[in-house]
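Here is a short report on one protein model. Please read it with the sequence and the coordinates open.

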Amino acid sequence: MLMTLAVFTFASCDDPNYINGNAEEGQLKMSTLGIDVDASENIVTKASIDVSGFTVRILDAKSGLLKNSWTFSQMPEVITLPVGEYTAEVYSAPVQEAAFDAPYYYAKQNFTIAKNKVTELNPVTCTLENVRVSVVYSEALKNVMSDDVKVTVEVAEKNSLDFGANETRSGYFRYYETNTTLVASFSGTVDGVFIQEEHKIMTDVAPRKHFIITFSYKENPNPSDESGSLTGANFTIDATVTVVNETRDIDIDDEIIDPFDFLTTSVSSVSMPCAASTKDVTVKSSSAWTVESSDESWLTITNITSEGFTINAAANEAATSRTANVKVTMGNLSKTIKVTQAEYSDVKPAPSFQSDNIDLDNYNDASEFGVGKKSAIANISAPNGIKSMFVNINSEKLTSEILEGVGLGTQFDLATGKAPDGTDFTEGLVGLGFPVANGGTMTINGTVYNYAAVVNQTTVVFDITAFMDLLGVYGAGKHDFEITVTDNAGLVSKATIKFETK
């Protein structure tokens, strides 16, 4: 997001820090690139993993051709590049098909070089991009198994490693999107009996998963006991697989819930006026989902796409309010949105404010909000339709000069996109994801933006998540976003969304 804000900053004027300017070239500041590593189980920084030998590459974004490459420790502070679109890649080492103790960490970011401008690279977080597997033999099994015992783990029907009786290292396998199978085959002598049998463990392996396959030994009280997977005359060997961050062991034949599955909805509750009304809901998920209403007699779902849906409430003509639920389901995960509709009234209420994450009465810790964290979103309801939505930014750190750098000012009306003095901030507002005026489409620096409407809308999403990372850049301070909404009936409501950086 900071890079997006930076694009607006750099596009506003020639950069005074640019040296030896050329109409067809710009500069890339490499020294701002920092590398952290997400090792799946926990976040570790440069102090824990040596990133000095990581490779940094610059590629042409369209052709994929390599422009420059260095190790992180030998990377120059500034380079000059022709005007164009580029990708910066960072990785720990060339990915191997299958190897012990060979994690492959990777990250990338896109950037634009403009003529006579200096573009800064942002810090990146490299994530594990291969599949990690560990094999564990229980103490009871170790006591009776011979040195010829091994487990052969094969991923994607092509890459395999043998985990011997004394192997304690983790194996790292290259991930293939077109084949996500993992097969573990146990063989060797146990209690004097040679056993060899194949065990299919997983069919949905993915990067950043750590599969811990544990083989255990159990003596059979009855030789005819068939509870195990591998059986000798008087014993059974059971295998379980644990996925890191799971809360339970999972049997071989169990369906594994991916710890990296996620399902979120943009709202958890919706308040509707008595008149017929709608509410758009955004869904983010790791796979396909379904949605249903608990009472379709008045609450229906339409416009279902992979990114969300619309809740539709019929007019309520009763003297009492009513409530129903909308349930979004993805596999074993589900989210329930409570929908409440007001009782019938001839008088439409004034605009109101509601938020799932923001405390609308007190200061919020800005470090908890931002891209990848909590969303800084306030939902505004105006049953009479919005006429004006005036925003006043009163911040100890976001000065008018800083806001000008991203195409904004301290005051603007989202119903017009303009400041009180007539300055048009529409481009800056659209670029930062705000709804403006009657909505529409706008092309900014070659990118097409679709933006929502404000005028005459009964519901509007005020999203300032993009500001959260920017607030942290300038140190400790308090930041007030004062919103005044006037509806078409002349009713006025105010709210102040308050954040504090420490």
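This is a predicted model: local features need pLDDT of at least 70, side-chain atom pairs count only at pLDDT 80 or more; totals for chains, interfaces and linings use all residues.

Residues are numbered from 1 along each chain as its sequence is written, and side-chain values use heavy atoms, with hydrogens and water left out.

**Overall make-up**

The protein chain holds 5 helices and 39 strands. Both are DSSP runs numbered from the N terminus: helices are H or I with at least four residues, strands are E with at least two. Of the 502 residues in the chain, 45% are buried. Buried means under 20% relative accessible area, exposed means over 50%, and partly exposed lies in between (1.4 Å probe, protein chains only). A contact means heavy atoms within 4.5 Å. Among contacts between residues at least 6 apart in sequence, 61% join residues at least 24 apart.

**Nonpolar cores**

A nonpolar core is a set of buried Ala, Val, Leu, Ile, Met, Phe, Trp, Tyr and Cys residues joined through side-chain atoms within 4.5 Å. The largest one has 45 residues. Met389, Leu414, Phe462, Ile464, Phe467, Ile497 and Phe499 have the most contacts inside it. Several elements each supply at least two residues of this core, among them β33 (386-395), α5 (465-473), β38 (477-487) and β39 (492-501). Helix α5 gives the most, with 5 residues.

What does Met389 touch, not counting residues up to four places away in sequence? The partners of Met389 include Ile380, Phe412, Leu414, Val460, Phe462 and Ile483. A second, separate core has 31 residues, including Phe100, Met145, Val151 and Ala184.

**Two open sheets**

Two strands pair if DSSP finds at least two bridges between them. Strands β30 and β32 pair in the antiparallel sense over 3 bridges. Gln354 stands opposite Asn379 in β32.

Another open sheet has 4 strands in the order β23-β29-β28-β25, with mixed pairing. Its edge strands are β23 (269-272) and β25 (290-293); each has a single partner strand, so one side of each lacks a neighbour in the sheet. Strands β28 (residues 322-330) and β29 run antiparallel and are joined by 9 bridges. Val326 has Ile337 in β29 as its bridge partner.

**Aromatic rings**

Rings of Phe, Tyr and Trp (its six-membered ring) pair if their centres lie within 6.5 Å; planes under 30 degrees apart count as stacked, over 60 as edge-to-face and the rest as tilted. A search of the whole structure finds 11 such pairs. Two of them are tabulated here.

| Pair | Centre to centre | Angle between planes | Class |
|---|---|---|---|
| Tyr86 and Phe111 | 5.7 Å | 15 degrees | stacked |
| Phe100 and Phe163 | 5.1 Å | 80 degrees | edge-to-face |

Tyr86 in β7 (residues 84-91) and Phe111 in β9 (residues 105-113) are 25 residues apart. Tyr86 is buried, at 3% relative accessible area. Phe111 is buried too, at 3%. Phe100 in β8 (residues 98-100) and Phe163 in β14 (residues 159-164) are 63 residues apart. Phe100 counts as buried at 19%, and Phe163 at 0%.

Tyr91, Tyr104 and Tyr106 form one aromatic cluster.

A charge sits over a ring if NZ of Lys or CZ of Arg is within 6 Å of the ring centre and within 35 degrees of the ring normal. Lys478 lies over the face of Tyr363, at 4.8 Å from the ring centre. Lys498 also lies over the face of Tyr363, at 5.2 Å.

**A loop residue**

Lys348 sits in the loop between β29 (333-341) and β30. Is Lys348 buried or partly exposed? Lys348 is partly exposed, with a relative accessible area of 40%. Leaving aside neighbours within four places in sequence, Lys348 is in contact with Pro383, Asn384 and Leu491. Lys348 and Pro273 are 75 residues apart in sequence, and 7.6 Å apart in space, C-alpha to C-alpha.
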